[in-house]
Amino acid sequence: MPRQPHAAAKPLPAEPAGDRDHGLSPLGPDPEAPAEPAGPLANARAALERLSTWVPIRSLARRHRRRIAEHLLALTPQDRYLRFGYPASDAQIHKYALAIDFGRDEVLGIFNRHLQLIALAHLAYGQSLPGEPGRTMAEFGVSVLPQSRGRGLGRRLFDTAGLHARNRGIDTLFIHALSENRPMLRIATTAGAIVERDGSESAAWLRLPPDSFGSQVEQALARHLGELDFQLKRQAQVLSGIVDGVAEVKAHFESSGRAAKE
Ligand SMILES: CC(C)(COP(=O)(O)OP(=O)(O)OC[C@H]1O[C@@H](n2cnc3c(N)ncnc32)[C@H](O)[C@@H]1OP(=O)(O)O)[C@@H](O)C(=O)NCCC(=O)NCCS
């Protein structure tokens, strides 16, 4: 819930011993997962699991600002409150979409087959952890349209954001959420994040392992597949437009023919 693309963050809470070098998953330990040995095999297994439930995620660019704004404008006032920490007005959403710095940050999106942006994540880079100059942090904010929730899209965006941040040398993913936001906090804690509750607001920190050859390959592969998926959906839409056009012309000629006969 970055209220601004760059929200101020408090120092990290003390981390349980051993968390840094877990190496079990690119995103940290799953507290519900059975214990298993760390290593390349476990990492490869985790990557395969993610690929088997693959969701096409696309990196968005400046040209997508309009779609980003449309997605956020489609959120209800309550969702806007959960997403931004305040009930963002239409004007504030436009301003936010215009202010995203694509040269520094990353914006990830999931499109449905009608090319509607149904899920969106903003990964804000360039933040530092107060009192820990050697550490690097990125802040994660996400929204999924109401009709597409509960299908794991929010979690997939979170996992992908963690992978991208890790591959950029970031060691901590930060999430600022309202304490009432149980789905968001559930996503963060399941990934292994440490959550600090402060009244109505909560902060979650997820330590990321360093990047590896495997994590870089996984990101590159997912990027190509996401792009391919989008192009296929676009072509399907063009094709469906042509079919509709032909049907319309045919109907027009049929009705004119009937009129002429009459
Ligand atoms: C938070 C949000 C992105 C989640 O998106 P989503 O696609 O529905 O999330 P997922 O389907 O990946 O997973 C949600 C998880 O929360 C759980 N969950 C859902 N409702 C819950 C509730 N009321 N209490 C506890 N857990 C809940 C789900 O069971 C799931 O966990 P599981 O996979 O372990 O079963 C979405 O609700 C949203 O857009 N909210 C408005 C904006 C927002 O709050 N953004 C976050 C602030 S940055």
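Biologist: Which residue of S5 does Ala138 stand opposite?

Modeller: This is a predicted model. S4 and strand S5, residues 172-178, run parallel and are joined by three bridges. Within S5, the residue opposite Ala138 is Leu173.

Biologist: In which sense do strand S3 and S4 pair?

Modeller: Strand S3 covers residues 117-129, and nine bridges link S3 with S4. In S4, Thr136 is the bridge partner of Ser128. The sense of the S3 and S4 pairing is antiparallel.

Biologist: Which residue in the turn of the S3 and S4 hairpin has a positive phi?

Modeller: The hairpin formed by S3 and S4 leaves two residues between the strands. A positive phi of about 80° is found in the turn at Gly131.

Biologist: What is the strand order of the open sheet, and why is one side of S1 and of S6 left without a neighbour?

Modeller: Strand S1 (58-60) and strand S6 (194-198) stand at the edges and have a single partner strand each, so one side of each lacks a neighbour in the sheet. The twist from one strand to the next averages 25°. The seven strands, with mixed pairing, follow the order S1-S2-S3-S4-S5-S7-S6.

Biologist: At what angle do the axes of helix H2 and helix H4 cross, and with which handedness?

Modeller: Two packed helices are described by the angle and the distance between their axes. For H2 (residues 65-73) and H4 (residues 90-99), the axes come within 9 Å and cross at roughly 145°. The handedness of the H2 and H4 crossing is right-handed.

Biologist: How many nonpolar residues does the contact of H2 with H4 have?

Modeller: H2 contributes Arg65, Ile68, Ala69, Leu72 and Leu73, while H4 contributes Asp90, Ile93, His94, Ala97 and Leu98. By class, one polar and two charged residues take part in the contact of H2 with H4, and the nonpolar residues number seven.

Biologist: Which helix gives the most to the shell around the ligand?

Modeller: Of the 23 residues around the ligand, those that come nearest are Leu82, Arg149, Gly154, Arg155 and Arg182. At least two shell residues each come from helix H3 (77-84), strand S4 (132-144), helix H5 (153-167) and helix H6 (182-190). By class, the shell has nine nonpolar, seven polar and seven charged residues. With six residues, the helix that gives the most is H6.

Biologist: What is the average pLDDT of the protein, and where is the pLDDT below 50?

Modeller: The average pLDDT of the protein is 83, and 83% of the residues score at least 70. Over residues 3-12 the pLDDT is below 50, and this stretch has 28 contacts in the model beyond near neighbours in sequence. A further stretch with 39 such contacts also has a pLDDT below 50, namely residues 14-37.

How values were computed
Residues numbered from 1 in each chain as written. Predicted model: local features only at pLDDT ≥ 70, side-chain atom pairs only at ≥ 80, totals over all residues. pLDDT = per-residue confidence, 0-100. Contact = placed C-beta atoms within 7 Å. Near = placed C-beta within 6 Å. Helix = DSSP H or I, 4+ residues; strand = E, 2+ residues; numbered from the N terminus. Nonpolar A, V, L, I, M, F, W, Y, C, P; charged D, E, K, R; others polar. Pairing = 2+ DSSP bridges. Axes fitted to C-alpha atoms, helices over the stretch in contact; angles between N-to-C directions. Left-handed = near helix turned anticlockwise from the far one by under 90°.
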